[in-house]
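Hi,

Here is the structure I promised to pass on. Have a look at it first, and then read my notes below.

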Amino acid sequence: MTTFPVSNSTLSEKELGNFIKDKYNLGESFECKLFRTGMNHTYFISNTKRKFVIRVYSHNWRTKTEIQEELLLLELLKKNNLSVSYPISDKEDNQIQEINAPEGIRYVVLFSFAKGEKMRFMDNDTCSEIGSLMAKIHHITANKSINRTDYNSEILLKKSYKQLAHFFAENLTEMRYLKELNYKISETFEKINPLNFQKGIIHLDIWYDNLSVKDNKEITIFDFDNCGNGLLILDIGYFCKQLFFIESDKKKYESKVESFLNAYREIRELSDEEIKLIPEAGASIFAFYLGVQAQRFDWSNIFLTENYLKMFVGRIKSWMEYYKTKK
């Protein structure tokens, strides 16, 4: 019987563990466990003393060049003593492995484990530490670029809308809102004075799910899978927007944002124009990730329904309206 083709597979924990143990000279005491599937698949491999993260990139999600650029960025940050999860080299000094999965070649990278816990509800001190670390990263990445996506209005907004239009009728209230929002934010981006905005390499996905916190102060950032080039304020806007939905008490939200921004500004300056762009920056990335979810609908987003669209767009609306009332 001919083996039927697949679009996405889940690799065996046991076989992947044996593969990694052989490539990286890890002892037999190490055990591999699947952590979660998603855009990529994440496994932990550990024993009683050490723990690592295995990322198995989805087939055709990232090119080898894009992954190499991501790893070079992480090596640069590690070299500058910044707390990020970094790639581990195998016994032959390779950082990228290739596995011939049923759907085709999948790339595999072993990363250091970010010690600490995920902290959804952060206090002011933790927000301050995150602001400080983000600024230190931006201090290294400012005015640099990598061979990856340029995050502009075309990618963040227009392309994302086109992805969604494959699934939802454009006369839906939420789709009309997104189209209008895309137009307004794109117009704002096009009018930006480059002298007042810092550009460089950005993470694009810094929120509580992509950082570990140890003792409330030791922050480690990971998952640079979406890193690329763009305005540095995009990272800031996205973190603020995530914090906005986590913290229902908006007085506490404002206090935490202030702690975050003050810590950032102790290391890097922010222009008034950049601060004013935070609402649009945060909204544009939320719109972008909605488009990514539509792009990967084939296997990872069975929840992408009209109700989900209403919920997600509702979050963007409430964020934009909140800042509109503050003007």
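Let me start with helix 2, whose buried residues are Glu66, Ile67, Glu69, Glu70, Leu71, Leu73, Leu74 and Leu77. Buried here means under 20% relative accessible area, exposed means over 50%, and partly exposed is in between (1.4 Å probe, protein chains only). Helices (H or I, at least four residues) and strands (E, at least two) are DSSP runs, numbered from the N terminus.

Before going further, a word on what you are looking at: this is a predicted model, where local features need pLDDT of at least 70, side-chain atom pairs count only at pLDDT 80 or more, and totals for chains, interfaces and linings use all residues. Residues are numbered from 1 along each chain as its sequence is written, and side-chain values use heavy atoms, with hydrogens and water left out.

Back to helix 2. The buried residues of this helix pack against strand 3 (51-56), strand 5 (104-112), helix 3 (124-141) and strand 6 (199-202). Helix 2 covers residues 64-79, and its 16 residues reach 22 Å from the first C-alpha to the last, close to the 22 Å expected at 1.5 Å a residue. That expected span is 1.5 Å times one less than the number of residues in the helix.

Just after helix 2, asparagine 81 takes a positive phi of about 60 degrees. Most residues other than glycine have a negative phi. Asparagine 25 has a positive phi of about 55 degrees and sits in the loop between helix 1 (13-24) and strand 1 (31-36). At 58% relative accessibility, asparagine 25 is exposed. Asparagine 60 has a phi near 65 degrees, again positive in a residue that is not glycine. You will find asparagine 60 in the loop between strand 3 and helix 2, where it is exposed with a relative accessible area of 67%.

Two aspartates in loops are worth a look too. Aspartate 90 is in the loop between helix 2 and strand 4 (97-101), and with a relative accessible area of 8% it is buried. Not counting residues up to four places away in sequence, aspartate 90 touches Lys23, Tyr24 and Gln97; contact means heavy atoms within 4.5 Å. Tyrosine 24 is 66 residues from aspartate 90 in sequence, but their C-alpha atoms are 4.5 Å apart in space.

Aspartate 223 lies in the loop between strand 8 (218-221) and strand 9 (228-231). Its relative accessibility is 26%, so aspartate 223 counts as partly exposed. Leaving aside neighbours within four places in sequence, aspartate 223 is in contact with Arg55, His203 and Asn210.

Now for the helix pairs. Two packed helices are described by the angle between their axes and the distance between the axes. The axes are lines fitted to C-alpha atoms, for helices over the stretch in contact, and angles run from 0 to 180 degrees between N-to-C directions.

How do helix 4 and helix 5 cross, left-handed or right-handed? The crossing is left-handed. The axes of helix 4 (residues 153-164) and helix 5 come within 9 Å and cross at roughly 165 degrees, so the two are roughly antiparallel. Angles under 35 degrees count as roughly parallel, over 145 as roughly antiparallel, 65 to 115 as roughly perpendicular and the rest as oblique. As for handedness, a crossing is left-handed if the near helix is turned anticlockwise from the far one by less than a right angle, and right-handed if clockwise.

Helix 5 (residues 173-190) also meets helix 9 (residues 278-295), with axes that come within 11 Å and cross at roughly 130 degrees. These two helices are therefore oblique to each other. Leu178, Leu181, Ile185 and Phe189 of helix 5 make the contact with Glu280, Ala283, Ser284 and Leu290 of helix 9.

Helix 3 and helix 7 pack with their axes 7 Å apart, at an angle of about 35 degrees, and their crossing is right-handed.

Finally, helix 11 has buried residues that pack against helix 5, helix 6 (233-246), helix 7 (250-265) and helix 9. Among them are Tyr308, Phe312, Ile316 and Trp319. The 21 residues of helix 11 (residues 306-326) should span 30 Å at 1.5 Å a residue, and the end C-alpha atoms are 30 Å apart, which agrees.

Cheers
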